Amino acid sequence: MSKYGTAADVRATMREHYSSKEWALMFEVSNDAGFSRSRSADAVAMNLWPSRGLRIHGFEIKVSRSDLIKELTQPEKCEAIAKYCDHWWLVGPREIFADDVLAKIPPSWGIMVYVPAVGNGTGKPAKTARLSLFKDAPFLGKPDDRETLPRGFVACLLRRASEADAADIEAIIEKRIQPVKDQIEDRIKQGIQNRISHNTHALKILEDLQKETGIDFGRYGLSDGVASAINAVVRSQIFSKYGSAAIESLSKRLKEFAQGIDELASYGKPEGNISQDVLVERPQPEDSQQAAA
């Protein structure tokens with residue numbers, strides 16, 4: 001398989017280029033029927049419009065440099081069918097027509113370049129494959145100068161015209177749906193990228209939360225208690241009401257208060273090195289205050 005495309009790719013593109021309204025296109029056409037055949041052309045197309053002379057074009061399809069060079073070592077072999085044609089063409093990717101090869105191509109042969117489909121990576125349909133004229137095929141002579149089409153050759157044309165090549169049909173279908181496949185693939189890639197970005201952002205938030213709370217969510221998961229506490233803080237809108245500075249101050253006071261509780265638990269009574277600013281005077285009942293008065 002050539003890295004520039006296959007012969008089936010080229011045939012599928014030729015079917016679209018030589019449309020059925022103007023052309024009758026046939027592939028693998030022999031020079032004669034039965035055991036008399038000795039040579040075949042990769043394709044033969046006849047123009048169906050009298051205004052364009054009802055001319056017949058013969059084609060050799062080449063998708064590799066080695067195959068093309070082999071063809072050029074015996075260019076006279078094509079004459080078995082070219083003698084019935086008004087134009088003779090080589091069809092293949094531009095890359096195989098290097099300068100040294102072009103110098104060996106007979107001047108009476110034209111060149112049609114196969115341009116493969118190219119995706120654009122934007123999610124839009126890719127550009128479809130096409131044929132591009134590289135060198136025009138000259139007219140090989142007046143109609144009277146060409147040999148009369150023998151019945152054997154006509155029979156080969158009609159046989160190939162009535163047959164549908166399954167590989168060519170499959171290639172045509174693939175060519176038509178490829179732009180849609182490229183578009184779907186681009187959308188899938190974009191969706192995956194968006195999901196990765198979202199998950200990365202969520203993981204960063206979880207890592208920050210784990211760092212601040214000291215809770216190993218990866219080991220213990222998000223318990224109902226922790227989830228409820230986080231939900232309560234969010235619903236309280238405490239950050240929007242008091243601001244981060246006030247929350248930090250409150251956090252500091254709560255830590256100091258917690259330290260005092262720990263000291264009380266350690267010593268059993270409010271003495272020792274208990275921070276005085278965390279001890280709060282306990283309010284007395286109203287009756288006790290009146291009795292004291």
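Let me start with confidence along the chain, given as pLDDT, the predictor's confidence in each residue, from 0 to 100. When I say helix or strand, I mean DSSP runs numbered from the N terminus: H or I over at least four residues for helices, E over at least two for strands. The protein chain averages a pLDDT of 78, and 69% of the residues score at least 70. Residues 120–125 fall below 50 in pLDDT. Beyond near neighbours in sequence, that stretch has 7 contacts in the model, a contact being heavy atoms within 4.5 Å.

Some ground rules. This is a predicted model, in which local features need pLDDT of at least 70 and side-chain atom pairs count only at pLDDT 80 or more, while totals for chains, interfaces and linings use all residues. Residues are numbered from 1 along each chain as its sequence is written, and side-chain values use heavy atoms, with hydrogens and water left out.

Now the sheet. In what order do the strands of the open sheet run? The order is β1-β2-β3-β4-β5-β6, 6 strands with mixed pairing; two strands pair if DSSP finds at least two bridges between them. At the edges are β1 (23–30) and β6 (130–135), each of which pairs on one side only. From one strand to the next, the twist averages 30°, with axes as lines fitted to C-alpha atoms, for helices over the stretch in contact, and angles from 0 to 180 degrees between N-to-C directions. Inside the sheet, β2 (residues 40–47) and β3 (residues 56–61) are antiparallel partners over 4 bridges. Methionine 46 has isoleucine 56, in β3, as its bridge partner.

Next, the cysteines. How many disulfides does a search of the whole structure find? The count is 0, where a disulfide is a pair of cysteine sulfur atoms within 2.5 Å. Cysteine 78 is in none, and its nearest cysteine sulfur, that of cysteine 85, is 9.0 Å away. Cysteine 78 counts as buried because its relative accessibility is 3%, and cysteine 85 is buried too, at 0%. Buried means under 20% relative accessible area, exposed over 50%, and partly exposed in between, with a 1.4 Å probe and protein chains only.

Last, glutamate 174. This residue sits in helix α6, residues 166–213, and is partly exposed at 31%. The C-alpha atoms of glutamate 174 and aspartate 9 are 9.4 Å apart, although 165 residues separate the two along the chain.
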